[in-house]
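Please read the following note alongside the sequence and the structure.

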Amino acid sequence: MMESILMEQHSTRLSLAVSVVDDYTDRQVAGDVELALAEKRALVNPSGYYLFLDVADGNYTLKVQADYYFSQEQDVTLPLSGEPVIELTLKPTPAYPFPRGATLIRGIIRDTDGKPVSGATAEVIGKEIENKTTEEGEFVLYFKNLTEDDIIKIGRKRYVRRNNSRRLMAKASHPDYRSKIKRTEVEEGKTVSLYIEIRKKGG
């Protein structure tokens with residue numbers, strides 16, 4: 001594996017190789033991505049791995065910034081045991097260029113004063129689908145790899161199924177706010193808009 005990761009190098013040492021994966025496509029990420037470790041920026045090899053060379057052993061925070069994905073940080077202790085390779089999966093933001101025909105819930109979470117709630121979690125209960133909100137309180141939930149078992153047909157329309165119903169439950173939560181659940185219907189290949197208002201705890 002290391003042969004596919006390493007470029008020809010002379011007096012340098014590979015400290016860490018990072019594979020960055022798009023959570024929606026399970027492939028390489030779209031747009032520009034920057035990784036930083038110990039104030040060093042990663043080099044990218046032809047195989048798409050992000051390489052850090054000649055980083056001293058120790059504890060670090062790996063920081064990831066990307067055009068269409070939420071920023072991410074991960075603690076890393078060097079040297080890693082075994083091969084110095086890790087994989088990171090990035091979650092798309094609402095700005096992500098989803099393909100035409102994607103099945104999505106786009107929404108916004110605000111408090112009772114109408115202010116956006118950033119860092120909240122939006123999820124589809126029972127579907128293991130969740131994402132965060134942006135600074136503007138916006139979120140996107142995406143359904144990928146849908147099969148016939150995930151679909152319920154009503155007339156000529158095809159909806160994402162929850163048990164034997166087309167009614168899904170979207171939940172908004174945040175440590176400082178009371179959770180809120182809203183019911184919605186999601187037609188395959190369409191985008192649904194959702195507004196969720198949550199109340200501060202103790203308010």
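1. Strands β15 and β16 (residues 177–185) are paired in the antiparallel sense over seven bridges. Strands are DSSP runs of E with at least two residues, numbered from the N terminus, and two strands pair if DSSP finds at least two bridges between them. In general, the strands of a sheet pair through backbone hydrogen bonds, in either a parallel or an antiparallel sense.

2. The model is a predicted one, in which local features need pLDDT of at least 70, side-chain atom pairs count only at pLDDT 80 or more, and totals for chains, interfaces and linings use all residues. Residues are numbered from 1 along each chain as its sequence is written, and side-chain values use heavy atoms, with hydrogens and water left out.

3. Two residues lie between β15 and β16, and these strands form a hairpin. Within this pairing, alanine 172 stands opposite lysine 180 in β16.

4. Strand β10 (residues 121–124) also pairs with β15, in the antiparallel sense and over four bridges. Here alanine 122 has alanine 172 of β15 as its bridge partner.

5. Is β15 mostly covered or mostly uncovered? Strand β15 (residues 167–174) is mostly covered, as six of its eight residues are buried (under 20% relative accessible area with a 1.4 Å probe, protein chains only).

6. An open sheet is formed by four strands in the order β3-β2-β6-β7, with antiparallel pairing. Its edge strands, β3 (40–41) and β7 (72–78), each pair on one side only.

7. In that sheet, β2 (residues 33–37) pairs with β6 (residues 58–66) in the antiparallel sense over four bridges. The bridge partner of valine 33 in β6 is alanine 66.

How values were computed
Buried < 20%, exposed > 50% of the residue type's maximum accessible area, 1.4 Å probe, protein only.
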